[in-house]
Amino acid sequence: MRYCARCLYPENAKPTIILDEEGVCSGCRYHESRQKLEIDWDERRKIFERILSEAVDLARSRGLSHDCIIPISGGKDSHFQVWLLKEKYGLNPLLVKFNHAFNQPSGLRNLENLVTRSGCDMVRYTAGLDSVRRLSRLMLEKVGDLTWHYHAGIRTFPFQVAVQYNIPLIVWGEHGFAELTGLVSLEDFVEFTRWTRKEHDMRGFEPHDLVGQGDVTVRDIAPYVYPSDEEIERVGVRGIYLSNFFPWDAKDQAETMMRTWNFSPIAFQRDRTFNLYAKIDDHANDVHDYLKYLKFGYGRATDDASMEIRHGRMSREEGMEMVRQYDANEPSSLGYYCDFLGISKDRF
């Protein structure tokens, strides 16, 4: 197995990664491209502001109460997105939350904090535990992902709300796959698409593909059904990524949100990473990440250490020690989820 000469990613990192002739991965090259002097961040900010201005004008012409939609989990990125659009740009966003039912106290506390601090309206869909159990068990067997419903919900429900409320603009935070593995180029100004939602977030499955399997019914898939092309076109819905328009440093932004909006990191050592501020909204993420380790041989500590190496806050040797310390750890929440799904650890 070959590994990146700079960070810690293996050549089989997902969804895709490329090692060039110097042995440097596409994720490191993407990060490198964001530091280049020829990247005109002022011009990108102006493009973003024009998009916001058009959205506000359209919202006013439609008599809407909200200027845009921000999909949220309650985490660090959610805080930063809402803070930027509300405090810096004076917009009135509608917050949209898909409640996947796998919450932990830190996530619930930060979600309440975000809604309180921002003063924004929020629409929240809570998935029923019976449906969650059926979908999680099926997709664990089918694609090795017990959080399929989580990704499907947060990538779909905001578009259902956009169509229902006639709101054309959805503002996401970072393009996660670009930041991790360099899946796309910064020059492309990529936007959210139905295709990438299906292929990357939903493992190649639309919800109707699952009906009739593992006791899944049409009633179970309601929040995961994407609006039709006609509905999207009628409203003019588009989803943009803030990381295309601004320099992006999740750690720096998390620390800003701790100071200004009282975002709270985890206060105890975690099972599978040294990072105390990211992916802290649900305890199923540890099991999800453990599955990645079992399938592909790397985990969350590799992700987090690689980002720290790229930002110059950690040496490659220090990162390797973090990987040795965390990546192979079995999460303490595994037993809970095996009980929830009605399977043994051996079956898992």
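Helix 13 (residues 316-326) contributes the most to the lining of the second largest pocket, giving 4 residues; helices here are DSSP runs of H or I with at least four residues, strands are runs of E with at least two, and both are numbered from the N terminus. This is a predicted model, in which local features need pLDDT of at least 70 and side-chain atom pairs count only at pLDDT 80 or more, while totals for chains, interfaces and linings use all residues. Residues are numbered from 1 along each chain as its sequence is written, and side-chain values use heavy atoms, with hydrogens and water left out.

The residues that line this pocket include Y3, L8, R316, M320 and D327. The table gives the lining by class, where Ala, Val, Leu, Ile, Met, Phe, Trp, Tyr, Cys and Pro count as nonpolar, Asp, Glu, Lys and Arg as charged, and the others, Gly among them, as polar.

| Class in the lining of the second largest pocket | Number |
|---|---|
| nonpolar | 6 residues |
| polar | 2 residues |

H311 lies in the loop between helix 12 (300-310) and helix 13. Because its relative accessibility is 25%, H311 counts as partly exposed, a class that falls between buried (under 20% relative accessible area) and exposed (over 50%), using a 1.4 Å probe and protein chains only. Apart from its neighbours within four places in sequence, H311 is in contact with H31, W248 and D249, where contact means heavy atoms within 4.5 Å. H311 and E32 are 279 residues apart in sequence, and their C-alpha atoms are 9.7 Å apart in space.

In strand 4 (residues 169-172), L169 and V171 point one way and I170 and W172 the other, and all are buried.

Terms used: On a 1 Å grid over the protein atoms alone, a cavity is a set of points where a 1.4 Å probe fits but cannot get out, and a pocket is an open set with protein on both sides within 12 Å along at least five of seven lines; lining residues have an atom within 4 Å of a point.
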